[in-house]
Amino acid sequence: MAQLRAFANEQHQQEALHGHGHGGDSDSNKKARAGLCGVLRERKVVELARAKRRLVEVPYTATLANAANALLAGRVSAVTVAAPPGHWIGAGGSLIVESDPATGAARKHYIGMVNMLDILTHIAETGHDDDDDASAVKDGGGSPPVDLDRRMSVPVSSVIGHSLEGLTLWTLHPNTSLLDCMETFSKGVHRALVPLESSADNVVAVELVESAPVYRMLTQMDVVRFLRAHGAELGGVLSRTVRELGAASEAVLAVASRTKVIEAIRTMRAASLTAVPVVDAPMDAYILQDGRGKKVVETFSATDLRDCPVAQLRSWLGASVAEFKDKVAEYRRDGSRPLDAAAGVQSPDEGDTNTAVEAGTGNEEEPPRPREMVTCSFQSTLGEVIEKAAASHVHRLWVVDGEGEEEGLLRGVVSLTDVLRVVREAALGEDRELHDIVSS
């Protein structure tokens, strides 16, 4: 299990800066606390986690088909996998244990996380074991692979570890500040479990070792939505451009519209990608290539894969990415989704709320989205990027430029990881300036 740790020297520096335990001048403390860094340091992750709904999970004995249906029924991007305490150790020896609120006895052990990309990667990889079955899926024609049902009947615990994120569960102490949380999320961690209560109430950002009666899933999008809601308190960072902040990555791999879904899955898995831009260009149909300078037409992501019903899996895997997107869009418009009971998913309690929904990055409900491209330019402000990402429920914006016939040419990508990284860097830079003012 990966956990957030506070380094002692950084803690002492923060205490010295803010006067904690040292009798510092109150006016100086107020000045040091002001600004973006102060806002992010004062707010705790538990404040955001309390608004989240109950975890969507499956037992470790559930089949891949059960897990796929659970993802679709719960409209979540990933499900946690639970086992009896000590029965099966996954996720690198996870100590994330849910305890009985009355007795304190351990009753559940979270051993990992699985998303649809993990499931389909398992199918794509095992497809090589049977050339006839693999070609039937790849070509999208002929009879369906006769052993797909067998592959979907294996226990979900068998695919934990297909992705690093599924293998490694992160936890945050409830008193962790948003600033410290953003350090973890800015390194590419998309979600973390937060207990709603802890016996170590006065400890901040420490390793979580005790069991807890209730966990919630906090995601990158939850923090981005906080930034969106508190724009007035964040100062000038939201008015700075993507280029100025260095928020965009110019390395962006893409697939062609005619790429087969199963080939896209294999190449995305090999490159550790959960989403790729789809470009309208003469590219090799089976290999990820540099997408820069090509016209981006849509996005192919793990969320799209999640919306592929298990009953249609055989035929849809053999379709091109463009055809698959059409099928998913039609399925979403129909509003078709299996019942929770049939899917084997543990549903949220009636009345539970989820005020920070997101697409593609967490264990929370995702509303249906229109099929449209969400893009920005290097001249877009960070505030505009945050607004688009939060309003459209997307995890990344493709950076495009050009006018007329050249409009929409791909130049890069801004992810939520990038957004949280540059906001944190701006906050720490502002804090250093305040420190210099107070010290002078």
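Two strands count as paired if DSSP finds at least two bridges between them, and strands (E, at least two residues) and helices (H or I, at least four) are DSSP runs numbered from the N terminus.

**Figure 1. Strands 14 and 15 in the predicted model.** Strand 14 (residues 396-401) pairs with strand 15 in the antiparallel sense over 6 bridges, and Arg396 has Ser415 of strand 15 as its bridge partner. Strand 15 spans residues 409-415 and is mostly covered, with 6 of its 7 residues buried, where buried means under 20% relative accessible area, exposed over 50%, and partly exposed in between (1.4 Å probe, protein chains only). This is a predicted model, in which local features need pLDDT of at least 70 and side-chain atom pairs count only at pLDDT 80 or more, while totals for chains, interfaces and linings use all residues. Residues are numbered from 1 along each chain as its sequence is written, and side-chain values use heavy atoms, with hydrogens and water left out.

Figure 2. Strand 9 (residues 253-256) and strand 11 are joined in the antiparallel sense over 2 bridges, with Leu253 standing opposite Asp290 of strand 11.

**Figure 3. The largest nonpolar core and a second one.** A nonpolar core is a set of buried Ala, Val, Leu, Ile, Met, Phe, Trp, Tyr and Cys residues joined through side-chain atoms within 4.5 Å. The largest has 48 residues, of which Ile119, Met152, Val156, Phe300 and Leu305 touch the most other members, and helix 5 contributes the largest share of this core, 7 residues. Leaving aside neighbours within four places in sequence, Leu305 is in contact (heavy atoms within 4.5 Å) with Met116, Leu117, Leu120, Val261, Ile265, Phe300 and Phe324. Apart from this core lies another of 46 residues, including Leu178, Cys376, Leu382 and Val414.

**Figure 4. Two loop residues with positive phi.** Most residues other than glycine have a negative phi. Ser272, in the loop between helix 13 (261-270) and strand 10 (275-279), has a positive phi of about 55°, but Ser272 counts as exposed at 63% relative accessibility.

**Figure 5. Confidence along the chain.** The protein chain averages a pLDDT (the predictor's confidence in each residue, from 0 to 100) of 75, and 69% of the residues score at least 70. Over residues 1-33 the pLDDT is below 50, although this stretch has 59 contacts in the model beyond near neighbours in sequence. Over residues 202-209 the pLDDT likewise stays under 50, and the model has 24 contacts beyond four places in sequence for them. Where pLDDT is low, the predicted coordinates should not be read in detail.
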